[in-house]
Amino acid sequence: MNYEYLFKKEDYKVTIFHKLEFFFRGAIYSYKSLFAWLVPKVYILTKVIGPIFQILFFTFLGQYYAKELGREFFIIGNAVQISALSSINGVAMTIVSERTEGTLLQLLGTPASRARIFVSRSLMHIIDGLLTVIIGFIFSYLFLGISFKNTNYILLVVTLLIAVFSTSGLGMLIGSIGLAIREINLLSNLTYFILLIFCGINYPVTNLPSFMQGISNLLPLTKGVEAVRMILQGANFTTVAPYLYHEIIIGVFYTLIGLILFKCLDYYSRYSGTLDFD
Amino acid sequence: MNKIIHIAKIQLVMRTTSQLWRFIIFIQPILYLMMTLFMMNGSMRTQYSMDAVLGAGMMGTWSSILFSSGSDIDRERRWGTLEMIVGCPTPLSSIIMGKALTNSLVGLFSMGLSYITALLLFRQQLVIKHPCLFMLVLILIIISVAAKGMIICTLFTLSRAVRGLLNVMENPIFLLSGLMFPIVILPLWTRPLSYILSLTWGMDALRMVSSGTFSYKHFLFSLVILLILTFLYLLLSLWLFQIIEKKSRKEATLGVY
Amino acid sequence: MIAINVDNITRKYKSTNIWGQLKSEHIAVDNVSFDIKKGELFGLLGPNGAGKTTIIKMLTTLLLPTSGTAHIMNYDIRKDMQRIRAIINFTFGGDRGLYWRLSARDNLRYFADLYNVERGIADKRINEILELIGMTKWADDRVENYSKGMKQRLHIGKVLINNPDIIFFDEPTLGLDPVGAKDLRKIIVDLLELDKTILLTTHYMFEADMLCNRVAIINHGKIIANDRPGELKKLLKDDVVLEIEVYGATKERLDDIKKLECVESLNVKQVEQSQLIQIQLKENNEIINQILNILNDVQIKEIRNRKPTLEDVYIKLVGGINE
């Protein structure tokens, strides 16, 4: 038996480049292994057709009850919000699936940093969410007649990326909560709707009673969606910059809380041995 | 008949234990209601709140029947009890009718909840001008939706492929049946689709009797179409049931589909 | 040198009622101590629920002990967790713990990343691992399509991915068919050639007898014996084991046999339709006749006479397993 590499105790330095490599590959593997919508048919139904109908429903609803806001208001709001399917439901599910697959224990026993394990879950979902938004926009362009004249495309993509990242922070927090409780589906669905209600998707945030408006500003998407609406009307970076910073801070905030909760759960499971991580 | 009621009771017990179901039936319609009401400004709210409440109630009913009919069969299939149900003396149609009726009746709950929400949260005074007619239309709608549920159930028993469609069947129906807004604002080519859905007519009738402004001719017309469609649905579902019986006896593949 | 040092380790599980008051306390591991030398294959034997898995979880930093300490290569399990994780690996076997949608190779690559193994080395190592566990042909098929034996083998492959000094196997052959289990045992023995230290838990006595340099027997959270298998078997050196396979022996008959002088212990195993009675007794010609007398109205299939094995030692120490 010539097992050269099985013996080799390579003492090489794990550089920052290696760590980045591990991070990105980990994101791809976790996506591949735990993503429930990889079957094309299911993907199309759940991530394309479903969201498109959401855009249609609210656009017509808005046209009837709030004509003064204009069609684009609803189209943009919903086209961006549908990314939450990936950034909330997808991210949360990937995190919780580790427990149901039985691999969480294996993961926690490796020397990989908890932050790396946790945060890499969201990467592919951010890209997936972005894709959903783009599909929503293309559909709206073709069939609902929104116009992209005056749009700074690069700024648009960057803004969307930030908005989706920010939402994924919330998704990671929910995933962490899901590791502790049983019914994660319920929480994800509820959050999806909360975003619809609070983030100025189908009506300006000012329509809400004042105590609810406070919550809107603490949620992702609120500022991001506003920024996108402005960009489609020709706004440049200086105008939307404050909105983008707001979103980034919110995203980082939720990610950190999710990470802290994750570490706490890790510690608690070691301490009490009662969390069903098996 | 008793059997059906008994089955309906068991259904109810089994159902209320699922959190996701509770969300879809009770919370989701209210969320839609809230969004719709937030969209409107003051004067619009006074005028349209009742319609929104009715719409939300119907959303709950439809979601309930869709979700339970579909996942019920799936669950039975997973537990391996599907063959037992198909094989037992009580005709499959009665069993499923019992289930469908329950699931449909639950819609009344979401209607009630929507009403309370509008009353408390948005301080809207909601009046139903013709309560008796309202109840009549409501009952007809419930039966109609139950019939649709039976069709969905049978389609599910026959083929696994229908499953994927479940998730995407909520919104299209909300749209096409004009639950939250009248179908006039939809493009003309969708009209035929809206017309074959009994909910469209039922919703129309509900709106008429609650607001009180309508012509009896118009109302009767909607009612009649509603009845005819319901009848057709029932026929369709009975026919599908026969196919199920035949298939299960011939091919014995019911559980594995 | 000592690879694993366990010093009076205890693990208690408390259950509290809603007021936070102590309802009951379950002691899963009770003041356990043992040492494992580098390069040894150490077996931890015991029935289900004895505390084997709990001990492994504590030694692999997945669970904190309630009291006591343990050191892995002189690293403290409470304070040096990251360092320990880098030099050990473990598997609990079974269906879980692998990503079903990924292939074997992808699973191994993913874990290689988690263990900070650089990609170039990892890929070459993965090829060697696949050859060692005999999975090269199916390396790129999804795990969900594997048989149970293949999954167990992949578990063993995963365990080698970071070239650990110490490997923990929790019931590696559980649920496998005899041929699959034999293959797996061969692989474990091969690992010793690679100078690994291995801690193996099992409730198959013959497996521990066959594989292990030293064996500890654990029951109800306590270690009741710790020695080389040969030395343990000496405990029964004057005994002989009589195995009688019968159909339908009643409890009365069995009790009668137990009451006989010279009978050390009696154990009954259900083997499909028949029962296998294992009797440990001091060598004595008379006694066999006495036993046969007691069983005169019972249908006897076969009678065997053999030297005690580790299982018999276990039965003597633990007090019999009735399967």
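**View 1. Where chain A meets chain C.** This contact takes 31 residues from chain A and 32 residues from chain C, in a predicted model. Being "in contact" here means that the C-beta atoms of two residues, placed from the backbone, lie within 7 Å. Two pairs of chains touch, and the pair A and C has the most contacts.

**View 2. The chain A side that touches chain C.** Look for helix H1 (4-7), helix H2 (16-34), helix H6 (104-108) and helix H12 (237-272) of chain A: each supplies at least two residues here. (Helices are DSSP runs of H or I with at least four residues, numbered from the N terminus.) H2(A) gives the most, with eight residues. Sorted by class, this side of chain A has 14 nonpolar, nine polar and eight charged residues. For the classes, Ala, Val, Leu, Ile, Met, Phe, Trp, Tyr, Cys and Pro count as nonpolar, Asp, Glu, Lys and Arg as charged, and the others, Gly among them, as polar.

**View 3. Where chain A meets chain B.** Here 29 residues of chain A are in contact with 24 residues of chain B. On the chain A side, helix H3 (40-65) and helix H9 (184-198) are the elements that give two or more residues. H3(A) gives the most, with 16 residues. By class, this side of chain A has 18 nonpolar, nine polar and two charged residues.

**View 4. Chains B and C, kept apart.** These two chains do not touch, and their nearest C-alpha atoms are 19 Å apart.

**Reading the labels.** Residues are numbered from 1 along each chain as its sequence is written, and chains are lettered from A and ligands numbered from 1 in the order in which they are written. In this predicted model, local features need pLDDT of at least 70 and side-chain atom pairs count only at pLDDT 80 or more, while totals for chains, interfaces and linings use all residues.
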